Amino acid sequence: MQQCISAVFKTRAILGKLPRVLQLSHHLTTSARMENGPEGAAGAAAAAGEPAVQKTEAQLKKEAKQKAKMDKFKAKQEKMAAQKGEKKSEEKKEKKKEKEVVTYDIQTPLGEKKDVASEMPNAYSPKYVEAAWYPWWEKQGFFKPEYGRKSLQEPNPKGQFVMVIPPPNVTGSLHLGHALTNAIEDSITRWHRMKGKTTLWNPGCDHAGIATQVVVEKKLQREEGLSRHDIGREKFVEKVWKWKNEKGGRIYEQQRLMGISVDWDRAAFTMDEKLCNCVKEVFVRLHDEGIIYRANRLVNWSCRLKSAISDIEVDKKELPGRTLLAVPGYEEKVEFGVLVEFAYPVEGSDEEIVVATTRIETMLGDTAVAVHPEDDRYKHLHGKYVLHPLLERRMPIICDDFVDREFGTGAVKITPAHDHNDYECGKRNNLESVTIIDDNGLMTDDCGEKFKSMKRFHARKAVLEALKEKNLYRGTKDNPMVVPTCSRSKDVIEPLLKPQWYVNCKDMAAAAVEVVRNGELKVIPDFHEATWYRWMENCRDWCISRQLWWGHRIPAYFVTVDDPSVPPGADVDEKYWISGRDEAEARRKAAERFGVSEDKISLKQDEDVLDTWFSSAFFPFSIFGWPEQTEEFKLFYPGTLLETGHDILFFWVARMVMMGLKMIGKLPFKEVYLHAMVRDAHGRKMSKSLGNVIDPVDVINGITLDNLHKLLENSNLDPREVARAKQGQKEDYPNGIPECGTDALRFALCAYTGQGRDINLDVLRVQGYRFFCNKMWNATKFALSSLGEGFQPRFEAKLSGNERLIDQWILSRLVAAVDASNRGFENYDFPLATNGIYNFWLYDLCDKYLESIKPIIYGKDEAAKEATRQTLYTCLEVGLRLLSPFMPFITEELWQRLPRRSNDAPPSICVASYPEAEEFPWRQEALEEELDFVHEVNCRARSIRAEYNLTKQRPELYLQCSDNSVAEMLNKYIDIITILSQSGKVVTLVDQPPPEGCAILTVSDKCTVHLLLKGMVDASKEITKLEGKKTNLNNQVDKILKEMSIADYENKVPEQIRMRKDERKSQMEGEIEAITKAIENFQKLL
């Protein structure tokens, strides 16, 4: 029979090499013979044109017997195949079952408490755990400062904590910067609340003037084909409010998803009435005082937005040299990063003076040429003039020591109306300022007939050609430079002279410097103080007007007086501008200023609005109703802390300090904590074009690679940038982003927050904290089953005296975690806090304690069992409270499932007390040192087990000790060592050799671990297996080396791919080295 089967498979192997037609005919013939017996075989032979052979009875019996055996074999094979198929199907189902997301499906009315009486799911599921808790917290009022207080006016002996949220833009959606801010601030707030303080974290949202106006303008154009000018200011502002009421709450919903514990009833919008009143009050007071004034100066102008923008809204694009950039409104890319040299003829001579510029079109606005007064090359030209070659303009050659003699030709063209340095030079030398580019980016009439109305970058080419025609062009060369672009419109910024409103910051900035210098205001980390001093000591006056319709309209009015004795005023004449909280007040003030009756006064309110940062500067007191002396203002100003990113230290933090000191006479907060900026895992800035911008919601819920790609396809990116970004996503997230949950994201962000400038966030590390949640989930599930249904924790967490050494050790480690966490929060050292808690839960509790107590829990010593259960409960309950500020959802879920020490326990973990080290006088550092040594012994034993692939075997463990004291110490923990090292038995030795056939590892000079392997390992089999792996890895390394050896590899292969190949090669070489060592170890056992 076996020969027959072998023949069949041999035939099939040969058939694989035959032509298709021959295979088919042979299959038919063979099948007929095998399946139909002699008749079938004869019929098949006849059909094939072969003569039928008459067989004897014995032959026929033999064939029938063979057929029966073959049928039986076939049936067996089919059954096995079917069983295999069923098994595979079951495996697939099981796999699919594992991937199913467990959700909370119990009907719970919004705001009602979650049902925790049901059985815990087998594994941790963020969607299950994070459901239903937040609405309940909110409804119970846990986040309000009034919670647990009879009256806010009654002093709280434990103190008060007040913080305002950095208000996100109303147009915004959550990004990782917000997520980091939310995670840190909420952790701090929850910690203070659990410390028993009266706690207020005040939320809010910024009206985001430019961003919101752009969004609504685009919507208006897309849906109605209209511009804002078509419908007028009043109706446009109505549409903005409508959009805000419909869409503006999205950011709040996303913040709720992050679990932030703000008092939503106090949420403030910077365009709310009480905040508007505050803005008007500040403007009017500062204008009356002369601190706010109007002046004609250069501003950052966005031709696309037709508005001045703040410095923070300007992106500085660094160019290495000649670069073509896409500019909105231009079909062709525009050249930047070059220095063009051309000549100005010197009046009355054959001489010329060559100047260099990065913006050749601005030469139409030149009004002088400047040289350094000590530059010998040009001393003979001092006081002379050059003639403009394209316009009728005579320009002086002036001396100014701002000129860099080493740059270019050492002669500089001066365009006061379009360059900040030239503007200052023009003021020093009384030069004329000629505006040659208008609000729309078109050349003005002052440019002459040939160039007027031309787009500014079209004029760039036209001016260059005109200079070439006059033989005045002297060359172009690469020039590294920075191009300022508008972060909103991506347009190239144009410096323009505009009459605007300014704040004189000199005295306020000096006061802000002093409060940091004298320690009244603490900036953390303190290395930011140097930046604070540098900015504030060189603080320029602040341009606060914006050419928009959405925002706080400037409460200033231009006055026209119907009286011949009063001459008409100019726009920049401060005398003719009056501010008022309303028009009636402005009219009264104007009549008084000009000495006429009110009926002679005509007023026109300024069309512009105030910079968004201006209203944000008053946020710490405007939200409490100032200038009214409300109870809330008296209670909650000044605040305790301001937490934000270091990138807005000047733009927001410094201005809040200046305005708080100026308007209220008090600092708005006592401390400023500045967190780092989030970058990707490679340290790169988050950029849509790189594909590394991550939506926190996608980390919380998970997202596939295809859906990440779709987000790019639906963005405003250029198609080429989309392709580049997709490649970046494919490299960083080949399998998409796994579901991590809110708790894991929050914990990861806080754990990353060292006191530095950057955070390189790796999403896989966030996933690691999701696994940590699963570990806690399983540990708590095991612990609850170990405690049993009737378990009742003691009224107070105290020792009974029956605690074993391992119980005492875990309680000591708990106290260490409590201490580390509190010190971390007190010093804004979040890694100290997160590491302390993480290490306690993962390594101390789960990996060591829970494993070591199983014999006790399942044993019969009731006194030991009770002491262990009480210890276990204390570790769980205190450990959850420790972790709660960082991971509010899972800690609430698990804490609610624990029994309570008393009936008057707090209803929620978020209002329970935060553990204090003083509560638990259980720290035993000497005991911890001993157990640390024991755990090192266990680690060495486990390391040997792993090296020799011992999974189920329980070999004997011998501990060679240097002296009796070490042996005596280890003997106290023999039971723990036996359990955690998974040994059959553990023997301590002093002055005795261990048995032969042991693998050896050194713990220290005091102890050596010997694990008896004799008879435990099939060394030959393991060597064969490892050599196969080694060969495979060597082949892969050879393949990579071959790829690296191609000609011009460094230039042909992109850097990222080269780096990945290097990493892969190093990784495989490390694996080969480890396998080689393992083979050597196994060979010793032969």
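User: Leaving aside neighbours within four places in sequence, which residues is Ala941 in contact with?

Analyst: Contact means heavy atoms within 4.5 Å. Leaving aside those neighbours, Ala941 is in contact with Leu957, Ser981, Val1009 and Leu1011. This is a predicted model, where local features need pLDDT of at least 70, side-chain atom pairs count only at pLDDT 80 or more, and totals for chains, interfaces and linings use all residues. Residues are numbered from 1 along each chain as its sequence is written, and side-chain values use heavy atoms, with hydrogens and water left out.

User: Where does Ala941 lie, and is Ala941 buried or exposed?

Analyst: Helices (H or I, at least four residues) and strands (E, at least two) are DSSP runs, numbered from the N terminus. Ala941 lies in helix α30, residues 925-947. Buried means under 20% relative accessible area, exposed over 50%, partly exposed in between (1.4 Å probe, protein chains only). Ala941 has 0% relative accessibility, so Ala941 counts as buried. Ala941 and Ala999 are 58 residues apart in sequence, yet 9.3 Å apart in space, C-alpha to C-alpha.

User: How do I read two packed helices, such as α27 and α28?

Analyst: Two packed helices are described by the angle between their axes and the distance between the axes. Axes are lines fitted to C-alpha atoms, for helices over the stretch in contact, and angles run from 0 to 180 degrees between N-to-C directions. Helix α27 (residues 830-857) and helix α28 (residues 862-883) pack at about 165°, with axes 11 Å apart. Angles over 145 degrees count as roughly antiparallel, under 35 as roughly parallel, 65 to 115 as roughly perpendicular and the rest as oblique. α27 and α28 are therefore roughly antiparallel to each other.

User: Which residues make the contact of α27 and α28?

Analyst: Among them are Phe840 and Trp841 of α27, and Leu872 and Cys875 of α28. By class, this contact of α27 with α28 has 16 nonpolar, three polar and two charged residues. Ala, Val, Leu, Ile, Met, Phe, Trp, Tyr, Cys and Pro count as nonpolar, Asp, Glu, Lys and Arg as charged, and the others, Gly among them, as polar.

User: At what angle do α28 and α29 pack?

Analyst: α28 and helix α29 (residues 888-896) pack at about 155°, with axes 9 Å apart. α28 and α29 are therefore roughly antiparallel to each other. Glu877, Leu880, Arg881 and Leu883 in α28 meet Thr891, Leu894 and Trp895 in α29.

User: Which residues are buried in α15?

Analyst: In helix α15 (residues 529-537), Thr531, Trp532, Tyr533 and Met536 are buried. Their cover includes α14 (506-517) and α20 (649-664).
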